[in-house]
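Thank you all for coming.

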Amino acid sequence: MPRIRLEGSLRIDSKTWLIEPSEAHHLLNVRRCKNGQKVEALMEGRLLILRLKIEEGKLLGYVEEEIKTSPKRELWVLLGLTKTEAFELALRQVTECGATAIVPLRCERSVVKIEGSRVEAKMRRWKLILSEATKQARAFSIPELFPVIKVKDIDALSLPAFKYGAFLGRGSIDLLDCAPKDKAAIAIGPEGDWSEAEMQMLEDFGFKPVRLGARIMRSPTAAAVGTAILSMLLEKE
């Protein structure tokens, strides 16, 4: 079933939505939807089943069913900046795997420097990537995206009590053997991993060093694996 997000659409009444132009274009011209076809519509904490109807050149959605989400788990992903393609892949993957908050980190070994006017443009693009990823994953909510910060500024965030850092060669336990409850955070470094100083800072901030397995992964892969494992552990509670 085709899937859209409703945040940009207009609610006419309790049962009727005016679908915003970009989503309407996608449904009619990309997915080739017809009058009377059903689609899934995602919004914060809710999933609506809409039946489409074209009226006077506008696309309306009539609510046929509403599905409430289960209690929200809190899963933070702190993600070291990498080159554009790899970082955008990581954003998509951690969103699909269950991240609810994402914090981009400017690390010592980050090869990309985002400054000045580029910051706002990057944030807009990243938010669009997160929104599109929620449609793929059927995620009710879009993860909160924080501004880019340095590792030393992590302590100012209101992070969950259960915090884990994926460090090459430093993890004393497997993430699979951890037992977080309700809320958790994981920090994934850039290509080339964290510097020694950054690993020490993270440990000082309460991050427990963990392993993601025996293999050495690229940063986007490690981000997806770590987020998926934590998401499943939280869902078991």
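Let me begin with a term: a nonpolar core is a set of buried Ala, Val, Leu, Ile, Met, Phe, Trp, Tyr and Cys residues joined through side-chain atoms within 4.5 Å, where buried means under 20% relative accessible area, exposed means over 50%, and partly exposed lies in between, with a 1.4 Å probe and protein chains only. Please keep in mind that this is a predicted model, in which local features need pLDDT of at least 70 and side-chain atom pairs count only at pLDDT 80 or more, while totals for chains, interfaces and linings use all residues. Residues are numbered from 1 along each chain as its sequence is written, and side-chain values use heavy atoms, with hydrogens and water left out.

With that in place, the largest nonpolar core has 33 residues, and those with the most contacts inside it are L79, L91, W126, L175, I188 and L230. Two or more residues of this core come from each of β7 (74–80), α2, α3 (117–137), β11 (162–166), β13 (183–188) and α5 (219–236), where helices (H or I, at least four residues) and strands (E, at least two) are DSSP runs numbered from the N terminus. The largest share, six residues, is given by α5. A second, separate core has 20 residues, and W76, V151, L159 and F205 are among them.

Let me stay with L91 for a moment, and ask which residues it is in contact with, once its neighbours within four places in sequence are left aside. They are L79, I102, W126, I129 and L130, where contact means heavy atoms within 4.5 Å.

Next comes the helix pair. Two packed helices are described by the angle between their axes and the distance between the axes. The axes of α2 and α3 come within 8 Å and cross at roughly 40 degrees; axes here are lines fitted to C-alpha atoms, for helices over the stretch in contact, and angles run from 0 to 180 degrees between N-to-C directions. The two helices are therefore oblique to each other, given that angles under 35 degrees count as roughly parallel, over 145 as roughly antiparallel, 65 to 115 as roughly perpendicular and the rest as oblique.

E88 belongs to helix α2, which covers residues 84–97, and its relative accessibility is 7%, so it counts as buried. Apart from neighbours within four places in sequence, E88 is in contact with R125, W126 and I129.

Now to the sheet. Strands of a sheet pair through backbone hydrogen bonds, either parallel or antiparallel. Here, six strands form an open sheet in the order β1-β4-β5-β6-β3-β2, with mixed pairing, and two strands pair if DSSP finds at least two bridges between them. The edge strands, each pairing on one side only, are β1 (3–5) and β2 (10–13). From one strand to the next, the twist averages 40 degrees.

I will finish with some backbone details. Two residues lie between the strands in the hairpin of β5 and β6, where E56 takes a positive phi near 50 degrees. R32, in the loop between α1 (21–30) and β4, has a positive phi near 55 degrees, and at 54% relative accessibility R32 counts as exposed. D182 sits in the loop between β12 (173–174) and β13, with a positive phi near 70 degrees, and is partly exposed at a relative accessible area of 42%.
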